[in-house]
Amino acid sequence: MSGSGVELTHRAMAMLRAVAAGRAQMSCSCEPDLFIDGFACCDQMTAHALAHGGYLRPGAEGATGRVAAELTEAGRAALAITVAA
């Protein structure tokens, strides 16, 4: 399980919750941008960190353009920890 080196702020957790709720898309690029409810996320630095840190990924492997975002195992674990706390 990845997911190390990223500070999970309240904003980062809100982004993960939006992905879990199926409200997020991301671009398939080396610096993936995150879109929530069709709008570009206001904090792309955190979106990049979550993707590179292994918390979220594009839902379609090998796709181009914008695709649904999905949580990784690390992203689901991060949300589960906050729910349990």
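Leaving aside its neighbours within four places in sequence, L50 is in contact (heavy atoms within 4.5 Å) with V6, L8, A12, M15, L16, Y55 and L56. The model is a predicted one, in which local features need pLDDT of at least 70 and side-chain atom pairs count only at pLDDT 80 or more, whereas totals for chains, interfaces and linings use all residues. Residues are numbered from 1 along each chain as its sequence is written, and side-chain values use heavy atoms, with hydrogens and water left out.

L50 is also one of the buried residues of helix 2, together with Q44, T46, A47, H48 and A51, where buried means under 20% relative accessible area with a 1.4 Å probe and protein chains only. Helices (H or I, at least four residues) and strands (E, at least two) are DSSP runs, numbered from the N terminus. The cover over these buried residues of helix 2 includes helix 1, strand 1, strand 2, strand 3 and strand 4. After helix 2 comes G54, which has a positive phi near 90 degrees.

Between helix 1 and helix 2, A12, M15 and L16 of the former meet T46, A47 and L50 of the latter. The two helices pack at an angle of about 65 degrees with their axes 10 Å apart; axes are lines fitted to C-alpha atoms, for helices over the stretch in contact, and angles run from 0 to 180 degrees between N-to-C directions. That makes helix 1 roughly perpendicular to helix 2, a term that covers 65 to 115 degrees.

Five strands form an open sheet in the order 3-2-1-5-4, with antiparallel pairing; two strands pair if DSSP finds at least two bridges between them. Strand 3 and strand 4 are the edge strands, each pairing on one side only.

| Strands | Sense | Bridges |
|---|---|---|
| Strand 1 and strand 2 | antiparallel | three bridges |
| Strand 1 and strand 5 | antiparallel | three bridges |
| Strand 4 and strand 5 | antiparallel | three bridges |

Within these pairings, A24 has I36 in strand 2 as its bridge partner, while in strand 5 the partner of Q25 is A68 and that of P58 is A69. Helix 1 lies across strand 1, strand 2, strand 4 and strand 5, and runs at about 110 degrees to strand 5.

Note on methods:
Buried means under 20% relative accessible area, exposed over 50%, partly exposed in between (1.4 Å probe, protein chains only). Angles under 35 degrees count as roughly parallel, over 145 as roughly antiparallel, 65 to 115 as roughly perpendicular and the rest as oblique.
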